[in-house]
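Student: I would like to learn how to read a structure feature by feature, beginning with the general idea each time. Could you take me through this one?

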Amino acid sequence: MKLQVKIEAKTSYIHFWNYFSKAIIIQENKNLYPLIIVESEEKVKIYKKIFLFLSQDLREIQNEADLIELFFDNSWISIISQEKLREINEYELFKKRVIEIKKWENYNINEIIGKLTSFGYNFSEYGTKWSYKKQGDILSLVNISGTKEYTISFWWEYIEEIIERERKDFNGQIIAGKKQEKESIFFGKNEILKEEKGKNILEIFREKEIFIILDWLEFYEKYDFIIANFEYFASFDIVGAAKIKRKDLEIFDVHIQDVEELKKILFQRKSYIFTKNEKLIQNFIDYNNIDNCFITASNSSFLKSFWTKDVNYICDDIILKTFIKRRIRKSIAKDLDLLLKINSGDFVVHIDHGIGIFNGLVSKELGGITKEYIEILYKNDDKLFVPTTEIERISKYVWGENPKLTGLGTKEWKTSLEKAEKDIEHIAEELLSVYASRKIEKWFSFEINTAKIQAFQSHFPYIYTADQQKAIDDVLEDMETNKNMDRLLVGDVGFWKTEVAFNALYNSFLNKKQALLISPLVVLAYEHYQKALERFGPFGLKIGILTRLETPKKVSETLKKIASWELDIIVWTHKVLSEKIEYKNLGLIVIDEEHKFGVEDKEKIKKMRINIDCLSLSATPIPRSLNMALSGIRDISLLREAPHGRKDIKTTVSKFDEWIIERACKKEFERGGQVFFVHNRVENIESMKNILQKIIGDKKIVITHGQLQWEQLENRILAFKRKEYDVLLSTTVIENGIDFSNVNTIFINECQSFGLSQIHQLRGRVGRSEREGYCYLFYKKENLSDDTIKRLKTIVKYSYLGSWFELAVKDLEIRGGGDILGIRQSGQATEIGINLFLELLEDKIEQLKQNWPYIKKDKGDISIDLNISALIPDTYFNGEIDKINFYREIETIRDKEELNGVMEEFKSINPDFSPETENLFNILKCKILAKKLKIIAIKRVGIHYEIQFQSHITVEELKNFLQLDKEVIFHIVSIDKIRTLKKDFWNDREFLDYLLKMFDPWEEIKVPKKIKLKH
């Protein structure tokens, strides 16, 4: 398992995004004994875990003592975070940890020993380095490096003599060299600094042969100092002075969506596979007759897959994703919550206890019963342990970066919820009043001609994803009802939202209805127009376009064609909202990126959609429209699955660098591709063209921007699309919708002036085919604010396909929430987090719509408190994050058949399916069945088992429930409570089995044998 990369000094390595591959290369170069400087303490932990798997010692530098020791002994691979280095780097901090003693001054020998101990000195009888020894009135010390020994003689409380000796044997007692009397001396961890006042540690380290590896420290203030002053360093960054050598290692992440893709890459190259699922993978390899694979057992969650031109390194991050399918949820609020992965240290909200910090999973054993809990830290270091079977009561906090923690056992959280509920009621009523008429009005019911729709779909040159097919089915079902459709389609850039819309447009045509496709941008409107001509060409649809750039004569002609029904689909910009249009038979409106329209235009759109079918498309996950969808007012479809064959876009952040441009363009041109270069300043875009021309030589560049005449702009874009030019140098006019499959490299200049969503949209212009896409973000370092640094780090971290939701959430955390609901500001969303706020809003709207009494949101609904060991062992997972998110997924399942499917799938991957895991699935199954029977709690109470029902259960409903009890073991305590004796069952597990059989007679569960019949 060798990558055979020799780390060279003064070299910057690029295309090197994987910590596993970096660790392998560092281990291969361990003869350098480097000091690795990383971005954060989180990265330190990742490296430590990976090096542990590689059986390689890694010394963590945690304090100034460790750093100084490294100065004298650098025969280890060491690591430190930039925060820690920044914390202990300043000379003044060291100065405080110094004693200066002088001859004939008054000192207490025991006080000196106390200070030395606090500095890290230890007692040693043998005079080892960094030690002291007291013999009567003589104090002996050996310095931190073991190179010198000092003898300090006291006369009463005065220092009579200070003698310094050189030591040749650093670990023994052999003393050689000349005695040197001292008048005064420094002692402490920083004794090397005694003559270095005003310098920091790095300035002193540059004189030592310590090899430093800089890993993703682009925004570290000492970066330039190291590059300018150190001889022995290398960088896993793309930045650095022009004189620094660059090397492209061409190491890439693996992106696989299904088993067939995994099989394909295993056949292509030699593969090393690291997995806890050895048996599964071995069977897979044997069954498919795959040679040249080497399997290694691993339980590490920090190993991530990557590949080189010769070798695949496949880990469980790919294997688990490939062999376990993601389930589709019915609740949008829960679905979006699942997209937010909870990591240790994240702020979370418990519906009953408020905002705390997620501190990981813990197992607790009591009386031989083992259960797993989620540990949450609250104010004043209080802790809450939540059973994993109640994980639904927890959601990730989203709104700001540092929310105030709730105090447990106080009224604080109750007060926050009550205030939020008042806000929620007002907002719910306002939203409902706006959209109520849509629910009341009867509307045209479209017929679905299945054969013709299937024929239309068969002309699509790609395979629909499962999400895409479901979205199409949802849209057609909406059109079939006699209520007017108001659906929001949300998906990442390039996830084929337009194709879903085209299915709706074609269905409108089949039902002899006209349709509008409205775009907020002229460029995007023409892109849609061209796509529509291509897609609908074989089916006889007549398509027109109207924008502000069309001539008055052309506008007049088009309006006449609309009125006389000579056009089936009209592609339009917001111009449609200001014209008095006469439609012959309008049946459908498709609105692309509605949030980009102005306030007045949005109001006009709102009025238009009341009596017509409306489909809105958005790549922005939290606009006002999505909140309405979450609130149950609008229907929503999510496209989370990337189109088949698409790969993540490799994203790199750097100062403007001509070498990077030259290297990246050369690589793109060599594979026959083209390049986007975004420069959003019209005033100096010609100057940028001159700079680029010098870099790329004879390649052709064309400029586009919004100040060009439309005909000129369109001609240039079409010429580029015809491959008459190699580089399109443009402003953000290319931001939305334009699809150039041959362009897979984009540069975004002065990226510090862009928002997260805008960068993500621009980045989405490339990588839209099966080719690897590259995005390079250039910035001016001197202008970066803290928010900009966070934004750029975020855009790199969330560069995988489908990351749109997490990007928007991070944007909220960085910038704050603002008026997220679009109707009026709610300060209470800050207090309880937007996730819980929207869920409570969803409940309140449902209550107002159905006119039933308001019941406070009971997230999780059912509590089952029985003494049953129920957990999933750690060995089944690739790490705690995977485990906690799997718990969250299975807890949201509301269908017994779906849960059984997940369990069987889980069993197939983990043949050693434990009894504790089966217990967990049975408890979840019991919750699903019990919810339908209006049960809210199942628990042990003294000598009884007790079942508690919702307070509004009727006598008839309770009677029907008791008829399920074929053995007649329950007796009524009250209208909402029944009990049975514990002694009638061997244990709690048998009681659970009986409930499962009672709730669902077809459930394949053994009936307890110890039940005593009651007459």
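Predicted model: local features only at pLDDT ≥ 70, side-chain atom pairs only at ≥ 80, totals over all residues.

Student: How many salt bridges does the structure hold?

Tutor: A salt bridge is a side-chain nitrogen of Lys or Arg within 4 Å of a carboxyl oxygen of Asp or Glu, and the structure holds 36 of them. One of these joins the side chains of Lys48 and Glu60, at 2.8 Å from N to O. That pair links distant parts of the chain, since Lys48 belongs to helix α2 (residues 41-53) and Glu60 to strand β3 (residues 59-60), 12 residues apart; helices (H or I, at least four residues) and strands (E, at least two) are DSSP runs, numbered from the N terminus.

Student: Is Glu60 buried or exposed?

Tutor: Buried means under 20% relative accessible area, exposed means over 50%, and partly exposed is in between, using a 1.4 Å probe and protein chains only. Glu60 has a relative accessible area of 17%, so Glu60 is buried, whereas Lys48, at 35%, counts as partly exposed.

Student: Which residue does Lys883 meet in a salt bridge?

Tutor: The partner of Lys883 is Glu372, and their side chains meet at 2.7 Å, N to O. Here the pair links helix α29 (residues 880-891), which holds Lys883, with strand β22 (residues 369-377), which holds Glu372, and the two residues are 511 residues apart. Lys883 is buried at 3% relative accessible area, and Glu372 counts as buried at 4%.

Tutor: A salt bridge also forms between the side chains of Asp1000 and Lys896, at 2.5 Å, N to O. Asp1000 lies in the segment after α33 (988-999) and Lys896 in helix α30 (residues 896-909), so the pair ties together parts that are 104 residues apart in sequence. Both Asp1000 and Lys896 are buried.

Student: Which residues are linked in a network of salt bridges?

Tutor: Such a network links Asp248, Glu250, Arg663 and Lys667.

Student: How many disulfides does the structure hold?

Tutor: A disulfide is a pair of cysteine sulfur atoms within 2.5 Å, and the structure holds 0 of them. Cys775 is in no disulfide, and the nearest cysteine sulfur, that of Cys751, is 8.6 Å away. Cys775 counts as buried, at 0% relative accessibility, and Cys614 is buried with a relative accessible area of 0%.

Student: What should I know about backbone angles?

Tutor: Most residues other than glycine have a negative phi. In this structure, Asn292 has a positive phi, near 65°, and Asn292 sits in the loop between α10 (278-287) and β17 (293-297). Asn292 is partly exposed, with a relative accessible area of 42%. Asn380 also has a positive phi, near 60°, and its place is the loop between β22 and β23 (383-387). At 64% relative accessibility, Asn380 counts as exposed.

Technical notes. Residues numbered from 1 in each chain as written. Heavy atoms only, no water.
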